[in-house]
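This report describes the fold of one protein chain, from its overall form down to single residues. Please keep the sequence and the three-dimensional view at hand while reading.

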Amino acid sequence: MRSVIKKAALGALRLSGGFAASARSSRRRNSLLILCYHGISLRDEHAWEPSLYLSAASFRHRLQALRATRIEVLPLEEGLSRLHTGTLPPRAAVITFDDGFYDFYKLALPLLREFALPATLYLSTHYCGYRLPIFNLVIPYLLWKSGLATVDWEEAGLPLTPVGTYLERLRATQTLSQFAASRQLDTRGQDDLARRFAGYLGIDYDDLIQARLFQLVTPEEAALTYRAGVDIQLHTHRHRTPRDHALFIREIRDNRDRIRDFTGHDAFHFCYPSGDYAAEFLPWLRELGVRSATTCETGLASARSEPLLLPRVLDGEQVTPVEFEAWLCGLLV
Ligand SMILES: [Zn+2]
């Protein structure tokens, strides 16, 4: 109901010229909208997790909306430097994708090229060495796909467990993750567990592997992505942000080394995995020569924003076209 009211209110505001007024405001002119994406569905991922995924058709509509509202999409580095020198064009935005999924390479990249738009890919590199789905994504997807209200899989710590709702599936995934950690399973061990779980649920795991759902780009695909003009930046090697100084530094160094191996270039911009940040990270990032870091906090970046805590706006299938247009005009953010 709230979304219906919101949609109607936004529609009225748009008709009365509120969108256009906001788009011309000094607030919008002096700020940078950093859009955040995760995945573009290879199949039905947006139906499973509409806050993380968009269908390719919806992503195309987003790019059309950027064009129709005359948003100037800038490369990240240029956007940030013009933000700080006060030389941004009237309605500036940056497009960022987190993680580096194969679906970015397969679906988003061709669309970005078609619309001639720059983008930054924050690449987490550990899974690039494996053609395997990310465990913490494939498990809740399998549960959703099964359509089951409960599972009873005692061998991995899931005796008669409810999995009918989003939260129940999240909890069951955490239980399986803890089981994998207690057995010290490595990436392949975790994947064997996911495969057995798919078998238990009656889902064809090889089909998911072949379709490359929840897999990251390979080193070769990362290189091709970079050569196609995508800016590849830091997202930690193992998608985690340890509170320990030495471990944190290692995450970024390992990530930067892999990105250099893949692309031949050093990365100096960072995105906190899962939006997880803490005050102690800022001096550590400066020590590593990191020049900017983006969070998952909602907002427009301004010249007053801390460069290592830049807000973004998270897009997904659940965002309506009118809401997206409102963001572009500087509303709701
Ligand atoms: Zn991430």
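## Contacts along the chain

The structure discussed here is a predicted model. Among contacts in the protein between residues at least 6 apart in sequence, 65% join residues at least 24 apart.

## Overall form

The protein contains 15 helices and 13 strands. Along its principal axes, the C-alpha trace spans about 60 × 50 × 35 Å. A compact globule of 333 residues would have a radius of gyration near 20 Å, and the value for this protein, 21 Å, agrees with that expectation. Of the 333 residues, 40% count as buried.

## Two domains

The chain is divided into two domains. Domain 1 is made of two stretches of sequence, 2–129 and 215–328, whereas domain 2 covers residues 135–211. The centres of domain 1 and domain 2, taken over C-alpha atoms, are separated by 29 Å.

## A pair of packed helices

Two packed helices are described by the angle between their axes and the distance between the axes. In this model, helix α8 (residues 135–146) packs against helix α10 (residues 187–201) at an angle of about 0 degrees, and their axes are 10 Å apart. Angles under 35 degrees count as roughly parallel, and α8 and α10 are therefore roughly parallel to each other.

Which residues make this contact? Helix α8 contributes F135, V138, I139, L142 and S146, while α10 contributes Q190, D191, A194, F197, A198 and L201. Sorted by class, the contact of α8 with α10 has eight nonpolar residues, two polar residues and one charged residue.

## A buried residue in a strand

I95 belongs to strand β5 (residues 92–99). Is I95 buried or exposed? A residue counts as buried if 20 or more other C-beta atoms lie within 10 Å of its own; I95 has 27 such atoms and is therefore buried.

Leaving aside residues up to four places away in sequence, I95 touches L35, V73, L117 and A119.

A303 is placed in the loop between β12 (301–302) and β13 (310–314). With 12 other C-beta atoms within 10 Å, A303 is exposed. Its contacts, not counting residues up to four places away in sequence, are with N30, L83, H84 and G86. A303 and R82 are 221 residues apart along the chain, and their C-alpha atoms are separated by 9.3 Å.

G18 is located in helix α2 (residues 18–24). This residue has 16 C-beta neighbours inside 10 Å and counts as partly exposed. Although G18 and C329 are 311 residues apart in sequence, they are 9.2 Å apart in space, C-alpha to C-alpha.

H245 counts as partly exposed, with 13 C-beta neighbours inside 10 Å. H245 and R212 are 33 residues apart along the chain, and 34 Å separate their C-alpha atoms.

## Two leucines with positive phi

Most residues other than glycine have a negative phi. Against this background, L160 has a positive phi of about 25 degrees although it is not a glycine. L160 is found in strand β8 (residues 158–162). With 9 other C-beta atoms within 10 Å, L160 is exposed.

L332 likewise has a positive phi, of about 65 degrees, and is not a glycine. L332 is found in the segment after α15 (321–328). How many C-beta neighbours does L332 have inside 10 Å? There are 14, and L332 counts as partly exposed.

Conventions
Residues numbered from 1 in each chain as written. Predicted model: local features only at pLDDT ≥ 70, side-chain atom pairs only at ≥ 80, totals over all residues. Domains from an automatic or database assignment. Helix = DSSP H or I, 4+ residues; strand = E, 2+ residues; numbered from the N terminus. Rg over C-alpha atoms; globule rule 2.2 N^0.38 Å. Contact = placed C-beta atoms within 7 Å. Axes fitted to C-alpha atoms, helices over the stretch in contact; angles between N-to-C directions. Parallel < 35°, antiparallel > 145°, perpendicular 65-115°, else oblique. Nonpolar A, V, L, I, M, F, W, Y, C, P; charged D, E, K, R; others polar.
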